[in-house]
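Hello,

Here is the structure I promised to pass on. Please open it and keep it beside you while you read.

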Amino acid sequence: MRYSREHKQETHDRIVKKASVRLREKGAHGIGVADLMKEAGLTHGGFYAHFDSREALVIEAFAYAMDRSMEHWRKQSHQVAPEKQLTQIVETYLSALHRDNPGHGCSIPALGAEIARESPKTRKAFAGKLDEMVEMMTDFVPNLPRKAARKQAIATLATMAGTMLLARIAGSSELSDEVLKAGKDSALDGAKREPKMAAAKKAKQN
């Protein structure tokens, strides 16, 4: 039976979506192609009708997950004033809800350490998406020149992702909650401090 191009694309998208969740939950090597295809309601043999290799699926699933995170941030940013956008992102990211649902959360703390050991092709694809994420966060940093805002965005994202990784290692415990709070305070303090320092420097120059 021949399927339409639309049907094939829908099936392809379903596999990618399922894979993006399972990879974030189980890791890049924690679930096999056969299991992924079974969850998508397909046979293992049908995999190569959609992807050239497992690596191709992993790259596409990572990209999908990163895109969903950025879409989530975009929606959040529209709910608050420009000067509160970064705070909104940090507070939502460094939450118990995000910690306890890695399959639907950010790919960086879920998969970052594994990606660093993957092939150059996979790392390059992930780095491209990471740069997109940094650029989006840069847009949320107020009252700074673009270069300084990007530097602050990178520092904030690194704090957020590192905090989430440590919080998940600690599990749902008092220590985990303590890590989340400390990371959140640090990220927010940094986000507030940079614009103030920039303003003070500008005033001094004038």
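First, the ground rules. This is a predicted model, where local features need pLDDT of at least 70, side-chain atom pairs count only at pLDDT 80 or more, and totals for chains, interfaces and linings use all residues. Residues are numbered from 1 along each chain as its sequence is written, and side-chain values use heavy atoms, with hydrogens and water left out.

**The pocket**

A pocket here is an open set of points on a 1 Å grid over the protein atoms alone, where a 1.4 Å probe fits, with protein on both sides within 12 Å along at least five of seven lines. Lining residues have an atom within 4 Å of a point. The largest pocket holds about 490 Å³ of space. That volume is the space filled by probe spheres set on the points, which are joined across faces, edges and corners. The lining has 23 residues, and those closest to the centre are Ser-69, His-72, His-104, Gly-105 and Cys-106.

Which helix gives the largest share of the lining? It is α3, with nine residues. Helices are DSSP runs (H or I, at least four residues), numbered from the N terminus. α1 (5-26), α3 (54-77), α4 (85-93) and α5 (96-99) each supply at least two lining residues. By type, the lining has eight nonpolar, ten polar and five charged residues. Asp, Glu, Lys and Arg count as charged; Ala, Val, Leu, Ile, Met, Phe, Trp, Tyr, Cys and Pro as nonpolar; the others, Gly among them, as polar.

**The salt bridges**

There are twelve in the structure. Each is a side-chain nitrogen of Lys or Arg within 4 Å of a carboxyl oxygen of Asp or Glu.

Take Lys-75 and Glu-71, whose closest N and O atoms are 3.5 Å apart. They sit four residues apart in helix α3, so about one helical turn separates them. Lys-75 is exposed at 52% relative accessibility, while Glu-71 is partly exposed at 29%. Buried means under 20% relative accessible area, exposed over 50%, and partly exposed in between (1.4 Å probe, protein chains only).

Lys-181 also pairs with Asp-185, at 2.9 Å between the closest N and O atoms. These two are four residues apart in helix α9 (residues 174-205). Lys-181 is exposed at 53%; Asp-185 is partly exposed at 32%. Elsewhere, bridges with shared partners join Asp-131, Glu-135, Asp-139, Arg-146 and Arg-150 into one network.

Best wishes
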